[in-house]
Amino acid sequence: MARQESFGRSLLVSVDARGYGAADGRRQASFQEALVRLLDEAAERADLHRSSWQRQPAGDGELALLPPDAPEDVLIDDFVPALDRCVARYNADLTTPARLRLRLAVHHGVAFPGANGYVGAGVVVVSRLVNCGAARRIQDAADDIGLVLILSNRVYLDTVAQRHTHLDPARDLVRVPVKVKEYREDAWLHVPRYRAEGLRDLLDSHPAPDLGSTDPARPDVEERSDATAAPPTARPGEPNAWTRRYEAEVISEFHGPVKAEVIGIKKVDGRE
């Protein structure tokens with residue numbers, strides 16, 4: 001097999017604007033213009049050079065591969081707060097539907113150019129993270145939040161947990177499960193100016209939807225574990241689905257007389 005010359009690992013950033021699909025054409029154009037401008041402004045303030053980023057626009061968002069020398073700590077400590085301030089200033093005089101509200105995911109993984117965009121496991125991961133249901137729930141709970149940061153477990157363990165950033169792992173981040181399509185992994189949420197307990201309160205106020213939800217705005221329904229899921233209900237007088245399943249599995253055939261005690265039937269008050 002031919003070697004992929006552009007194969008490599010990159011610091012990946014994916015950003016998505018909330019409410020873009022529900023906006024009309026003029027507002028979508030405003031979102032696009034503001035998104036690019038504010039990303040550029042935040043990068044300049046953090047002394048990051050967006051001209052060196054390999055970018056894949058997506059209308060309501062962007063996927064970017066940063067150069068190999070891009071420092072993760074600067075991205076997290078400087079770029080993210082700068083972007084939050086830029087978004088807050090942009091939203092200051094706007095009504096809620098007109099506000100730009102972003103989710104920004106960060107991961108480090110494999111990515112390389114394909115025929116119709118960037119491909120690789122790292123691209124899949126960061127794309128799943130930016131659609132994390134917990135981040136959407138935080139946006140649902142507080143419409144004044146302009147930016148939610150989602151860190152992959154790898155970035156958290158390698159960078160934040162090792163205290164290479166100013167973020168305090170216990171104070172500033174909340175761990176959440178991410179279950180989007182085939183992806184299953186923990187992620188870490190951070191919102192500038194919020195402490196972890198405040199984020200937990202927001203998540204508690206907007207619990208994850210039930211398993212089986214068909215809400216198209218939630219591409220990742222956070223599943224309840226088998227240990228907590230309630231058995232399927234049935235109409236009064238009918239066995240439920242679990243009962244029927246186990247009844248169907250116990251099928252015995254006998255040919256000729258069989259003593260009751262052989263099949264576990266005991267006498268009660270002289271009756272079998």
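Two strands pair if DSSP finds at least two bridges between them. By that rule β1 and β3 pair, because six bridges join these antiparallel strands. The model in these views is predicted.

**View 1. The whole chain holds eight helices and nine strands.**
The protein chain has 272 residues, and 41% of them are buried. Take the contacts between residues at least 6 apart in sequence. Of these, 68% join residues at least 24 apart.

**View 2. Seven strands build an open sheet.**
The strand order is β2-β3-β1-β4-β7-β9-β8, and the pairing is mixed. Which strands sit at the edges? They are β2 and β8 (174–180), and each pairs on one side only. Neighbouring strands of this sheet are turned by 25° against each other on average, with direction ignored.

**View 3. Strand β1 pairs with both β3 and β4.**
Start with β3. Six bridges link β3 to β1, and the two strands run antiparallel. L12 has L65 in β3 as its bridge partner. Now turn to β4. Nine bridges pair β1 with β4, again in the antiparallel sense. Here S10 stands opposite G109 of β4. How many of the nine residues of β1 are buried? Eight are, so β1 is mostly covered.

**View 4. Strands β2 and β3 form a hairpin.**
β2 covers residues 54–57, and β3 covers residues 61–66. They pair in the antiparallel sense over four bridges. R55 faces A64 in β3 across this pairing. Three residues lie between the two strands.

**View 5. E62 is a buried residue in strand β3.**
The side chain of E62 makes a polar contact with the side chain of R50, at 2.5 Å. Leave aside the neighbours within four places in sequence. E62 is then in contact with V13, S14, V15, L39, R50, R55 and Q56.

**View 6. Strands β4 and β7 run parallel.**
β4 spans residues 102–110, and β7 spans residues 147–152. Five bridges pair them in the parallel sense. A105 stands opposite I150 in β7. In a regular strand, the side chains alternate between the two faces of the sheet.

**View 7. H190 is buried in strand β9.**
The relative accessibility of H190 is 9%. That is under the 20% cut-off, so H190 counts as buried. A polar atom of the H190 side chain lies 3.0 Å from the backbone oxygen of D172. Again, set aside the neighbours within four places in sequence. H190 is then in contact with V148, L149, L167, D172, L173 and L199.

**View 8. P169 is found in helix α6.**
Helix α6 covers residues 169–172. P169 has 14% relative accessibility and counts as buried. Which residues touch P169, leaving aside neighbours within four places in sequence? Y156, V160, A161 and R163 are in contact with P169. How far apart are the C-alpha atoms of P169 and H190? They are separated by 9.9 Å, and the two residues are 21 residues apart along the chain.

**View 9. Helices α4 and α7 cross.**
α4 holds residues 133–141, and α7 holds residues 196–205. Their axes come within 8 Å and cross at roughly 85°. Angles of 65 to 115 degrees count as roughly perpendicular, so α4 is roughly perpendicular to α7. On the α4 side, the contact residues are A134, R137, I138 and A141. They meet L199, L202, L203 and S205 in α7.

**View 10. Two cysteines, C86 and C132, are buried.**
C86 has a relative accessible area of 1%. For C132 the value is 0%. A disulfide is a covalent bond between the sulfur atoms of two cysteines. How many disulfides does a search of the whole structure find? The search finds zero.

Note on methods:
Residues numbered from 1 in each chain as written. Predicted model: local features only at pLDDT ≥ 70, side-chain atom pairs only at ≥ 80, totals over all residues. Heavy atoms only, no water. Disulfide = S-S within 2.5 Å. Buried < 20%, exposed > 50% of the residue type's maximum accessible area, 1.4 Å probe, protein only. Axes fitted to C-alpha atoms, helices over the stretch in contact; angles between N-to-C directions. Polar contact = N/O pair within 3.5 Å; in protein donor to acceptor, adjacent residues only side chain to side chain. Contact = heavy atoms within 4.5 Å. Parallel < 35°, antiparallel > 145°, perpendicular 65-115°, else oblique.
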